[in-house]
Amino acid sequence: MTTTLRRTSTTGLLLVVVSSLCFGTGGTAAKAVLSAGIAPLQVVQARIAVTAAVLVAVLAVFRPGSLRVRRGEWPLLLGYGLLGFFAVQACYLFAISRLPVGIGLLIQYTAPVLVALWVRLVRRTVLPSSTWAGAALAVAGLALVAQVWHGFRLDGLGTAWAVAAAAALAAYFLLSEHGVADGRRDPIGLVALGAVIGSVPLALLTAPWSFPFGLLSEPVRVGPWWVPAWGPLLWLSLVATVAAYLTGVAALRHLPSQVVSVLSTLEVLVAAAVAWVLLGEELGLAQLAGGVVLLAGVVVVQLRRPVPRTPPPAH
């Protein structure tokens with residue numbers, strides 16, 4: 001049993017790393033698409049539409065039962081789709097259209113601190129002192145990233161969008177936990193349905209027929225290469241969204257959610273590294289230190305003693 005648990009934990013770790021690598025490339029791909037003149041909401045529209053189409057098509061063929069919705073599930077699914085897909089991705093793209101990718105992600109990943117505050121103030125669950133120590137670390141790290149002693153050098157509107165993305169991401173974590181808590185809702189089906197629901201407000205705000213398809217052939221720069229805009233858009237949709245979500249959800253079959261959520265902060269480091277290599281977005285020494293302190297705060301807030309998970313039965 002110990003050997004089996006160790007093997008399944010290793011599998012989960014690898015899946016989280018792959019998921020973080022996929023998610024971490026999304027910001028750079030999105031910035032490349034934005035540089036072609038495509039509006040942020042239109043980029044989000046394309047990203048979620050492709051995600052919904054791919055996941056629904058796969059599940060319709062292999063696991064059609066995952067797409068069935070019980071009557072009492074609609075409030076959860078509506079909140080999950082509107083906040084977890086539409087709001088998270090729209091706010092994040094608006095943020096990185098005015099902020100470096102790494103800083104936008106660092107602010108967004110204060111979400112676990114917001115989750116802790118929700119659990120304490122709304123659910124009235126007494127949290128250990130380490131939770132509040134982690135929150136203090138996260139705030140201190142954010143202050144370093146923003147370099148507040150220089151008069152808050154970050155773009156104000158971009159920072160506001162990043163904070164909104166953090167709030168939406170916190171809601172995503174809470175709704176995801178609730179959605180799969182009873183084991184009746186397939187996590188991949190939840191993701192697929194969330195993408196479908198999240199695409200609806202985008203279709204209302206940005207009519208699909210007005211999408212600037214002609215701009216997809218415009219050359220955009222990704223590092224030393226010039227590629228048509230549809231290239232990074234497909235990467236953003238298929239790799240940084242579909243593959244990222246699928247591997248992230250698969251990891252939850254092998255590791256507890258609290259471990260997966262902490263390991264997923266690797267995305268911040270991956271995104272900053274990719275943006276540095278391909279976009280030349282460098283962080284100063286104080287900002288790098290702030291990122292380390294902020295991530296340390298997130299880990300302290302989220303990391304709990306893992307409970308061994310029984311490996312899934314063989315089929």
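This is a predicted model: local features need pLDDT of at least 70, side-chain atom pairs count only at pLDDT 80 or more; totals for chains, interfaces and linings use all residues.
Let's start on the outside. Leu 114, Leu 117, Trp 118, Leu 121, Val 122 and Trp 132 make up a nonpolar surface patch, and together they have about 550 Å² of accessible area. Helix 6 (residues 111–121) supplies the largest share of the patch, four residues. Trp 118 sits in helix 6 and is partly exposed, at 42% relative accessible area.

Now for helix 12, which runs over residues 266–279. Its 14 residues should span 20 Å at 1.5 Å a residue, and the end C-alpha atoms are 19 Å apart, so the two values agree. Buried here are Glu 267, Val 268, Val 270, Ala 271, Val 274 and Ala 275. Those residues cover an arc of only 165 degrees around the axis, so they fall on the same side of helix 12. On the face turned away from that buried side you'll find the exposed residues Trp 276 and Val 277.

On to charge pairing. Side chains of opposite charge can pair when their charged atoms come close. The whole structure has two salt bridges:

| Salt bridge | N to O distance |
|---|---|
| Arg 70 and Glu 73 | 3.0 Å |
| Arg 98 and Asp 155 | 2.8 Å |

Asp 155 is in the loop between helix 7 and helix 8, while Arg 98 is in the loop between helix 4 and helix 5, so this pair ties together parts 57 residues apart in sequence. Asp 155 is partly exposed at 24% relative accessible area, and Arg 98 is partly exposed at 42%.

Methods:
Residues are numbered from 1 along each chain as its sequence is written. Side-chain values use heavy atoms; hydrogens and water are left out. Patches are made of residues with over 30% relative accessible area and no salt bridge: like charges are joined within 9 Å, nonpolar side chains (Val, Leu, Ile, Met, Phe, Trp, Tyr) within 5 Å. Accessible areas come from the Shrake-Rupley method with a 1.4 Å probe; for residues, only the protein chains shown count as cover. A salt bridge is a side-chain nitrogen of Lys or Arg within 4 Å of a carboxyl oxygen of Asp or Glu. Helices (H or I, at least four residues) and strands (E, at least two) are DSSP runs, numbered from the N terminus. Buried means under 20% relative accessible area, exposed over 50%, partly exposed in between (1.4 Å probe, protein chains only). The expected span of a helix is 1.5 Å times one less than its number of residues. The arc is that of the directions from the helix axis to the C-beta atoms.
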